[in-house]
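User: I would like to learn how to read some features of a protein model. Could we take them one at a time?

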Amino acid sequence: MIIQNPAGDCVQLYSDITYRIALVIWFLSALISFFTLAFLKTAPYGRHFNTHSNLLSNYTMRTDLAWILQESPNLIIPPMYLYFHSHCFHFTSSSGLLFSLFFIHYFQRTLMYPLLMKSPFKPTPVFICILCLIWCTINAFLITKGITFTDSKPRDPIRVSFGILLWTIGFYINMQSDHILRKLRVTDTKNEYLIPHGFLFEFVSCPNYLGEIIEWIGFAIAAQNVYAAWIFAFWTIANLAPRAIHHHKWYLLHFTEYKSLHRTALLPFVL
């Protein structure tokens, strides 16, 4: 909790310890999510969606609308927080760069990605959308709080530059991979999944996930002492690494020729 005294200065009341406890809980939640998705349950959306998997799966909504709704906190919470707490911190150039990376990614993910979908009417479970909405709300707040919380501490410009470079590489991999997947939808009149080819798809089944993981690792390196950014990177791995493995197994199950392509799930020649 942050209040302003009569002199106009900001006074923090137990916010430091509360924020750190929240980060610990958020990290433990990521660990639970990883083990759940890796060993117990495949997230039931996209190609793994099955209306008969459980009762909650019977309630669905359009995929494009689900994406816009669930990702929207990433575009709403940071500017709201910065507006209402602008008097409580000094905004630095490195913080501006971090927020720029965050907004570029989520502008594309929240608005451009769903608008470019070739199958926007495909169903997404409402409960999945709600879970993602809650997740994005918490994560956006913790990231924003973390960047402003450490704003007074100098960041190494070399690490910032390297992190931004890594983020840019990951962003390009993610965008190019999504473009290839969208092109498959144009040629697929039956709205069925096909084997993608070209770019990093020649090495792994899910280069789009690999790109996003690289993005947020780069973001965390640039953020340096923003622990929320490192937990965010771990969350990304916890969600996308198991899903990449499930995608890879799905390709092997549905395409007899897929094994001969000698691809791995996520990391070329490794995983």
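User: Which residues does UniProt list for "transmembrane region"?

Analyst: A record of this kind is read beside the model, which here is a predicted one. The unreviewed UniProt entry lists residues 21–40, 82–104, 125–144, 156–173 and 216–241 under that name.

User: How far apart are the end C-alpha atoms of residues 21–40, and how much of the span is helix?

Analyst: The ends of residues 21–40 are 27 Å apart, and the span is 100% helix with 0% strand. For residues 216–241, the end C-alpha atoms lie 14 Å apart, with 88% helix and 0% strand. Helix 7 covers 207–223 and helix 8 covers 227–254.

User: What should I look for in a nonpolar core, and which residues have the most contacts inside the largest one?

Analyst: The general idea is that nonpolar side chains tend to be buried together in soluble globular proteins. In this model the largest nonpolar core has 33 residues, and F102, I143, W216 and F219 have the most contacts inside it. At least two residues of this core come from each of helix 1 (15–40), helix 3 (73–84), helix 4, helix 5 (126–149), helix 6 (157–187), helix 7 and helix 8. Another core, of 10 residues, lies apart from it and includes Y209, I214, A241 and L266.

User: Which residues is F219 in contact with, leaving aside its neighbours within four places in sequence?

Analyst: F219 touches L98, L101, F102, I143, I147, G163, W167 and A229.

User: Which residues form a nonpolar patch on the surface?

Analyst: The patch is formed by F107, L111, M112, L115 and L116, and together they have about 440 Å² of accessible area. One of them, L111, belongs to helix 4, residues 93–115. L111 counts as partly exposed because its relative accessibility is 30%, and that class runs between 20% and 50%.

User: What is the phi of F199, and where is F199 found?

Analyst: A backbone angle is read together with the residue type and its place in the chain. F199 has a positive phi of about 55° although it is not a glycine, and it sits in the loop between helix 6 and helix 7. Its relative accessible area is 30%, so F199 is partly exposed.

User: Is F269 buried or exposed?

Analyst: F269 is exposed, because its relative accessibility is 71% and the cut-off for exposed is over 50%. F269 lies in the segment after helix 8. F269 too is not a glycine and has a positive phi, of about 70°.

Conventions. Residues numbered from 1 in each chain as written. Predicted model: local features only at pLDDT ≥ 70, side-chain atom pairs only at ≥ 80, totals over all residues. Heavy atoms only, no water. Patch = residues over 30% accessible without salt bridge, like charges linked within 9 Å, V, L, I, M, F, W, Y side chains within 5 Å. Areas by Shrake-Rupley, 256 points an atom, 1.4 Å probe, with all protein chains shown as cover. Salt bridge = Lys/Arg side-chain N within 4 Å of Asp/Glu carboxyl O. Helix = DSSP H or I, 4+ residues; strand = E, 2+ residues; numbered from the N terminus. Buried < 20%, exposed > 50% of the residue type's maximum accessible area, 1.4 Å probe, protein only. UniProt positions renumbered as here; feature names shortened; annotations may be inferred. Core = buried A, V, L, I, M, F, W, Y, C linked by side-chain atoms within 4.5 Å. Contact = heavy atoms within 4.5 Å.
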